[in-house]
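Please consider the structure shown here, with attention to its aromatic side chains and to one pair of helices.

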Amino acid sequence: MSAPSDDPIAARLSACVDDSDSVSDSVPVPVPVPVPVPGHAEAIDHPEPPKSKIDVVLAIDIGGTKFAAGLVTARGELIDRARVEVDRNALPEAHFDGLAGIVKQLTDRAREQHRARIVAVGVGSAGPITRNLETVSPVNIAAWRDFPLRARLRQLLGYPVYGDLDAKALALAEGWLGAAQGHPNFCALTVSTGVGGGVVLDGELLDGMTANAGHIGHVIVVPGGRRCGCGAQGCLEAEASGLAIEAITGRPPTEPTYEIMQRTGTLVGRAAASVCNTLDLSLVVVGGSVALGFAATFFHAAQVSLDEHVRLPYSSGARITPSRLADSGPLIGAGAVGWRGLRRERRNA
């Protein structure tokens, strides 16, 4: 599953490896040295798999209602995955223990079932975050405020850890292998428990001063509307996220009315139009369980709303399309973050 050569994002990611699936000859791979971790999760030992065939990144997705982990090859293949539900009332260490449990499952299966060698950890996390994922403060996980996720994973696993916002990770994945292949300028949105975004301009994923660029969930779409977890009113996340839909309707987003699917699409299209008009974009890729679950009704309403609000010569004709990677996108994106980190390390060595 190799990416086309004219895709700048795909080319940058593919450059981190040779034609084979191994980086052992090009990227120095540190030997994992597990360190005792404060709290309940114990450091995980990593005996080298015999006759290892492939190198993989351990990909981790930190969402508002679940943690997921997977194994992603240098070609973007997701060869295994696991998940655990998030108890929003849990304490910080209980959250980390849950994450450590699925991480141990994947490290064991990498060695025993896939004969794979983990070379790095890539993380996509709901935000806000601090640069390099030194701390995470997901709006929808109240117990994690300035939680030192990168250091805790490094202590637990012993591998280099690279991290970014979850929607920025999705943007990497969609530009590498998904619906944005060949597009040097696009936006990726996740509409799920929360709403996030990542923006690629001229083939480069935007970071911003604190690495939170693209947080489109906090574009105001209903002035004076519902109070958002960030403190503002009328944010897209407060009006169109899974949690918002449940609060508005009293029903989970898996049981939507036709009107709610239309309203959600309309508001996402409105926010997408603001981004397209501001940044001269013609493509918005949307993933996440809410958007993909609402399917054609959502995407039709979003496109109608987008068409209504993009009237400038350069933004007229912008389109919204579903993520091509579906529910694998977040983990492939986290894997892409890990492979990108290894490539940068090699370049700077």
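The paragraphs below take up the aromatic residues and then the helix pair.

The model is predicted, so local features need pLDDT of at least 70 and side-chain atom pairs count only at pLDDT 80 or more, whereas totals for chains, interfaces and linings use all residues. Residues are numbered from 1 along each chain as its sequence is written, and side-chain values use heavy atoms, with hydrogens and water left out.

A search of the whole structure finds four aromatic pairs (ring centres of Phe, Tyr or Trp, the last by its six-membered ring, within 6.5 Å; planes under 30 degrees apart are stacked, over 60 edge-to-face, the rest tilted). One of them joins phenylalanine 67 and tryptophan 144, which are stacked because their centres lie 5.4 Å apart and their planes meet at 15 degrees. Phenylalanine 67 belongs to strand β2 and tryptophan 144 to the loop between β4 and α3, so the pair ties together parts 77 residues apart in sequence (strands are DSSP runs of E, at least two residues; helices, of H or I, at least four). Phenylalanine 67 is buried at 2% relative accessible area (buried is under 20%, exposed over 50%, partly exposed in between, with a 1.4 Å probe and protein chains only).

Phenylalanine 96 and phenylalanine 147 form a tilted pair, 6.0 Å centre to centre with 40 degrees between the planes. Phe67, Phe96, Trp144 and Phe147 form one aromatic cluster.

Elsewhere, the axes of helices α7 (residues 258–279) and α8 (residues 289–309) come within 6 Å and cross at roughly 50 degrees (axes are lines fitted to C-alpha atoms over the stretch in contact; angles run from 0 to 180 degrees between N-to-C directions).
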